[in-house]
Amino acid sequence: MTNRLRTEIQEEEEEAEDLVVEEKPKREIPDNFFTQFFTKRFISSEKATNALPFVLFLAFLGMVYIGNMHLAEKTIRDIDDLTKEVKERGWDFKTTKADMAFKSTLTEVAKRADTIGIRQSVEPPKKITVKEEKDEN
């Protein structure tokens with residue numbers, strides 16, 4: 001604080017007292033459902049206490065509903081992933097099946113067998129017949 005005369009300090013205080021603070025008039029609250037609900041004691045503390053179990057039950061139901069939605073969305077994502085995997089496996093199966101069908105043709109088998117020294121027979125197969133002997137007993 002600076003060195004000032006007491007009179008100067010008193011004058012400043014008087015000037016500060018002379019200032020009148022204008023207060024805004026309070027707004028009138030409209031008379032509707034919400035204002036009556038909250039201001040006119042529509043809900044007393046006793047009623048709020050009695051309604052608390054119901055409010056907690058509704059909150060619990062809300063949490064269960066939200067959890068159920070998350071679980072359903074997760075299940076749908078899992079189903080989509082499995083569907084994609086099944087399609088890929090189906091494509092792999094079809095590719096492998098076509099490749100196997102091609103490799104099991106007579107010409108392809110002959111080519112592969114020729115590399116290990118086995119050749120296809122040129123002579124037609126012969127039929128072996130067995131004659132049955134009759135017993136005289």
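The dialogue below treats the chain as a whole and then two of its residues.

Visitor: On what basis are the values given?
Guide: This is a predicted model, in which local features need pLDDT of at least 70 and side-chain atom pairs count only at pLDDT 80 or more, while totals for chains, interfaces and linings use all residues. Residues are numbered from 1 along each chain as its sequence is written, and side-chain values use heavy atoms, with hydrogens and water left out.

Visitor: How many helices and strands does the chain have?
Guide: Helices (H or I, at least four residues) and strands (E, at least two) are DSSP runs, numbered from the N terminus. Here there are four helices and zero strands, in the order α-α-α-α from the N terminus.

Visitor: What share of the residues counts as buried?
Guide: Buried means under 20% relative accessible area, exposed over 50%, and partly exposed in between (1.4 Å probe, protein chains only). Of the 137 residues, 2% are buried.

Visitor: Is Glu108 buried or exposed?
Guide: Glu108, found in helix α4 (residues 106–115), is buried because its relative accessible area is 16%. Contact means heavy atoms within 4.5 Å; leaving aside neighbours within four places in sequence, Glu108 is in contact with Phe102 and Lys103.

Visitor: Which class does Glu13 fall into?
Guide: Glu13 lies in helix α1 (residues 6–18) and is partly exposed, because its relative accessible area is 47%.
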